[in-house]
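Dear colleague,

Please find the structure we discussed below. A summary of the findings follows it.

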Amino acid sequence: MPREASAGGVVVREQGSELEVAVIRPHGRSLWALPKGHVDPGESPEQTAVREVWEETGLKATLVAPLGEIRYVYQFRGQRIFKRVHFFLFRYQSGVLGDIQHEGHRVEVDETRWVPLARAAAMLGYKGEKAIAARAARMLLRAGATLALSGVRPEGSGD
């Protein structure tokens with residue numbers, strides 16, 4: 001069975017006293033998702049996640065920690081394909097959500113939105129991404145958002 005790898009991220013920012021996550025609505029879809037895309041030859045999953053976050057949201061973000069991966073099988077042109085998607089927690093750095101200026105990538109995303117972290121898992125359309133968003137929320141709550149977003153993880157924050 002052919003294999004594919006993708007990577008993406010949960011981009012978090014502090015907005016007042018609330019944490020928000022950047023989500024996308026992929027082109028032609030009615031559901032919300034996390035930014036992600038194919039790992040290019042010679043790229044690490046971390047490099048792919050940074051690139052895909054920028055390409056699909058217009059945001060520059062700092063990688064904070066791995067969040068794990070989701071695995072599934074899908075069908076394309078009659079062939080079953082095994083897919084692994086690596087996800088990472090990111091801290092928002094700069095940029096305007098949805099200000100996608102690079103050619104060719106605007107068509108991949110119809111809409112972008114900041115949503116409260118507490119609502120992100122319920123809003124996302126894919127089961128695996130719901131679990132990743134919930135894991136990010138648990139990690140941030142357990143570690144304290146400021147600590148976790150700085151990349152410092154206290155003892156015992158195993159998730």
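In what follows, helices (H or I, at least four residues) and strands (E, at least two) are DSSP runs, numbered from the N terminus. On that basis the protein chain has 4 helices and 6 strands, and their order along the sequence is β-β-β-α-β-β-β-α-α-α.

Two remarks on the source are needed. This is a predicted model, in which local features need pLDDT of at least 70 and side-chain atom pairs count only at pLDDT 80 or more, while totals for chains, interfaces and linings use all residues. Residues are numbered from 1 along each chain as its sequence is written, and side-chain values use heavy atoms, with hydrogens and water left out.

Overall figures

Accessible areas come from the Shrake-Rupley method with a 1.4 Å probe; for residues, only the protein chains shown count as cover. The protein chain exposes about 8400 Å², of which carbon and sulfur atoms supply 51%. A residue is called buried under 20% relative accessible area, exposed over 50%, and partly exposed in between (1.4 Å probe, protein chains only). By this rule, 45% of the 159 residues of the protein chain are buried. A contact means heavy atoms within 4.5 Å. Among contacts between residues at least 6 apart in sequence, 68% join residues at least 24 apart.

Nonpolar cores

A nonpolar core is a set of buried Ala, Val, Leu, Ile, Met, Phe, Trp, Tyr and Cys residues joined through side-chain atoms within 4.5 Å. The largest one comprises 25 residues, and V10, V21, L67 and L89 have the most contacts inside it. At least two residues of this core come from each of strand 1, strand 2, strand 4 (60–76), strand 5 (79–94), helix 2 (117–123) and helix 3 (127–143). Helix 3 gives the largest share, 6 residues. Apart from neighbours within four places in sequence, L67 is in contact with V10, F87, F88, L89, I132, R135, A136 and M139. A second, separate core has 11 residues, including A49, L59, F88 and W114.

Salt bridges

Side chains of opposite charge can pair when their charged atoms come close. A salt bridge is counted here when a side-chain nitrogen of Lys or Arg is within 4 Å of a carboxyl oxygen of Asp or Glu; the structure holds 12 of them. E20 pairs with R13, the closest N and O atoms being 2.7 Å apart, and E20 is buried, at 11% relative accessible area.

Which residues pair with R25 in salt bridges? One is D110, with its closest N and O atoms 3.6 Å apart from those of R25. D110 lies in strand 6 (residues 109–116) and R25 in strand 2 (residues 18–26), so this pair ties together parts that are 85 residues apart in sequence. D110 is partly exposed, at 36% relative accessibility. Another is E111, which meets R25 at 3.2 Å, N to O. As E111 is also in strand 6, the pair ties together parts 86 residues apart in sequence. E111 is partly exposed, at 27%. Elsewhere, salt bridges that share partners join D40, E43, R51, E52 and E55 into one network.

Two individual residues

S6 is in strand 1 (residues 3–15) and is buried, at 2% relative accessibility. Not counting residues up to four places away in sequence, S6 touches G37, H38, V39, K83, R84, V85 and H86.

R77 is in the loop between strand 4 and strand 5 and is exposed, with a relative accessible area of 78%. Most residues other than glycine have a negative phi. R77, although not a glycine, has a positive phi of about 50 degrees.

With kind regards
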